[in-house]
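Please look over the model shown here before reading the notes.

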Amino acid sequence: MKRAPSVVLGLCSYTHDSSAALLVRGELIGFVEEERLSGQKHTKDYPTRAVEWLLGRAKLTAADVDAVAYNFQPARYLAESPAALRLTLSTATRDRALARACGFAKVAVRTQRRTHLIGQQFPAARVVPILHHRAHQLTAFAASGWNEAAVLVVDSLGERQTTTIARGHDPRRPRTHTLEAINDPASLGYVYGAVTEHLGWRRGDEEGTVMALAALGDPTRFRRLFARAVRTTATGFVIDPVYFPPRALTSGYPRTSLRFVAETCSGRDPSEPLTDVHRDLAAALQERTELVMVHLARRARMLTGSRRLCVGGGVATNCVSIGRIIEADIFDEVFVPPAPGDAGTAIGAALAVHTDSRGRPVTGVARSCYLGPSYEDQPLDLTPWPGLRQKSLGIETAEFLADQLAHGMIVGLFQGPVEAGPRALGNRSILASPLEPGVVERLNVTVKYREPFRPFAPMVLAERASEFFTLGQQAPYMSMASGVTDNAREHVPAIVHTNGTSRLQTVTKAQNPFVHAVLTAFARRTGVPVLINTSLNVKGKPICGTPEMALDCLTNSGLDALLLEGRWITGGRSHRRPFIDALLDRGHDIVFLQADRDRREAGDDLGGAYTFDSGCPEIDVLFLEWRWAITGRNTTMCGTEGHTCDLHRQAQLLNQYTARRQTPTVIWDKDRTLRAESVWRRTAHTAVCEAALEPTPGAHRLLFPVADHLLAQTDPLSLAAQPRDVVLGYVGNQYDRDEPFDRFFAPAATRFEHLVAGKWLKTDRWPHVRFLGRIPFEAASGIYGRSLATVLMLPERYAAVGQMTQRIFEAVLAGCVPLAPADIRYVDRFVPNELIVRSGRDVVERLSHLRGIASTQQHADLIAACVDRLDLFLLSKQVDILETVLHGLVQPAAAEQGAA
């Protein structure tokens, strides 16, 4: 270049994990991964949103960009084409030679074409291809802030290189000098990805799942195999093609050989259950990876003489391997940048162009991780999420959040700029107390929707980390697995994985003041300065980069609440809030008369949108949800823990209003516990409503409502296409359901992957059934969203009169097909005939059929037929019924008052 470029845009695009970084006169303006803005995990699309945000933040246009740094060099791929011909010399690789030569040549041409496409978008810029591993090296070294360090990069493939050892120096103008390189087909990342795929998970996405599974296996079974397959040498390692044939960079060429399959196991389908052979294979793979990584670290120390090590590349996300390097005491300190994978090379590529032009000193890179968009001052409109409510918190936000966590809530935290890299570091996190019983299973099953063996990482006050962890150095980016102390095992076992480690994040006040304050406040309440920290997303989705993504996460998972830029956002009860809001919309004034319970169930004061009164104010009509005695809840002594005074309050309201004042009263006996001979059924100015198609004589039909807009926006085709890892799911409590559970659910549970969520206290007779226990109301949609089908199990008093609970529309709206026992009265009005079952055998047959048609048009048509039947429950229809009942009560009462 003739002059040093002032504006350098770094890009990772068209491969995976697209991202962009912007340097202006050496200052890092920002960095963000496209998935955080688009919602498409690991997207390879050109990072349009990321680039727009960066240029907008710097108040620049595309015409102002002087140079675009791309994270691959096309010509380097071409060098591998003639080299691939050497594979013809071996019978083990001969069949890959031509395909490999052609594959690398095609990628070279494709990469060159991509650089031209990029150049067309920036008319004044020169596109500069940067060697992939150099971009990794610069990202890792510059982020460390050290004056000098060894740099080890290990990934799957960068042009031809898979592993490099370099020396980095000068943090102001960071440079690296490569001392040794290992070329493909010797690739540790390739092997790990191949086995990940063999075990039934997505290569390039779910290697972390295999790392977690490894802790449950025994590596001895396949230790010798991996020692032969990945053999260490004096200068690194080599891969035996007998087990892992060389890549061809084209489809149709498996990454594992027939011999590998013969000596291990067949490839696992994702729907197959895990067995010991899968666990042992993962364990042996992980053990060998750790051994090779430590070997490479020793080689890096010998070549550089450095006392500090920076590690980059995709394999650097293997936190257990990084922990092993630290434990080996090869270096005084080890550093992994927040974005060690390909996304982070956008920063390194931009640094390469800037430093090559001898520009100004670099700023904003060292020890920086919160580099993406922030939404602190933006208004929040919850209209697209009608089930949510918000309230603004004051200056004691950290204290409030710590208190909620100490009381067992699982909370999403969205604050400040988006983090760089694959780990949530307190700005886009889900936080939970590690002291809460069953918290790991609840997080895996009802919040994150992922495998039950996966652990959760802790965040800890940096100044108290040594009380719980043995790492011996700071770990600000959750990239290192540490051993734990006896104190941790005793007080916070929830954060200790099966292998005795934790992937911790140490938090300083300087790094993240708010999270540090939350940890401090939590420690003050509990004595423990540790919280569970996992990313704000569910399985298969990227970390939530925008408020909209975070709100979707809240509504589609089992989160209790979301703290979004100082706003406390929660969900609501499915049938109460739609009714109340619809009545308000029709001009009715409403006051809640059991303020303590109403607020507790809502989780807050509903943002001032509703009125509460614990007395007996003047009202026109009393609407009462009939309460009955529930042992351990409203039958205990007043003031005891867990006691609700709803029976006392109900008696007071009926006495004051219905009996004494003759106030028109509607009693909604939605649980069918009001006796047929009850005096309230015969009291003047009183109407009883029941949620049944055939109510008690004299009572009115008032069903559980489903919001009209929810039915209108339901898309059966997209629901059918949604992946579901559970065949049979059930959400509901045990009350009076043992008989239908025995008949319909328990037999199918012996055959299919299943979940049962709710309050089930006596389960000894079903040892094979997986009971999760109680879950937050908001988590129900998440369970149904994972499940192919459910069974509508009703107490006999419901089934006999055609009373269906709101579970039917919760299931259907999530695409979970409801099977209904034939003894439910009017059952064909609730579900299509093909979903009516008479025995456990019928359930098994229907589930087998549903598995066969999953994700097809036939599946979508079945969901559509279920959606059509929900018209019966439409909110607008139920409100019409209720207003008719109210009119019938109020008009005679008004006439009597006029006559008096």
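The numbered points below take these topics in turn.

1. This is a predicted model, in which local features need pLDDT of at least 70, side-chain atom pairs count only at pLDDT 80 or more, and totals for chains, interfaces and linings use all residues. Residues are numbered from 1 along each chain as its sequence is written, and side-chain values use heavy atoms, leaving out hydrogens and water.

2. The protein chain has a mean pLDDT (the predictor's confidence in each residue, from 0 to 100) of 91, with 94% of its residues at 70 or more. Over residues 598-607 pLDDT stays under 50, and the model has 28 contacts (heavy atoms within 4.5 Å) for them beyond four places in sequence.

3. The buried residues are Thr209, Val210, Met211, Ala212, Leu213 and Ala214. Their cover includes helices H7 (188-198), H11 (276-304) and H12 (319-327).

4. Aspartate 329 sits in the loop between H12 and strand S12 (333-335). Its relative accessibility is 61%, so aspartate 329 counts as exposed (the cut-off is over 50%). Its C-alpha atom is 37 Å from that of arginine 259, which is 70 residues away along the chain.

Terms used:
Buried means under 20% relative accessible area, exposed over 50%, partly exposed in between (1.4 Å probe, protein chains only). Helices (H or I, at least four residues) and strands (E, at least two) are DSSP runs, numbered from the N terminus.
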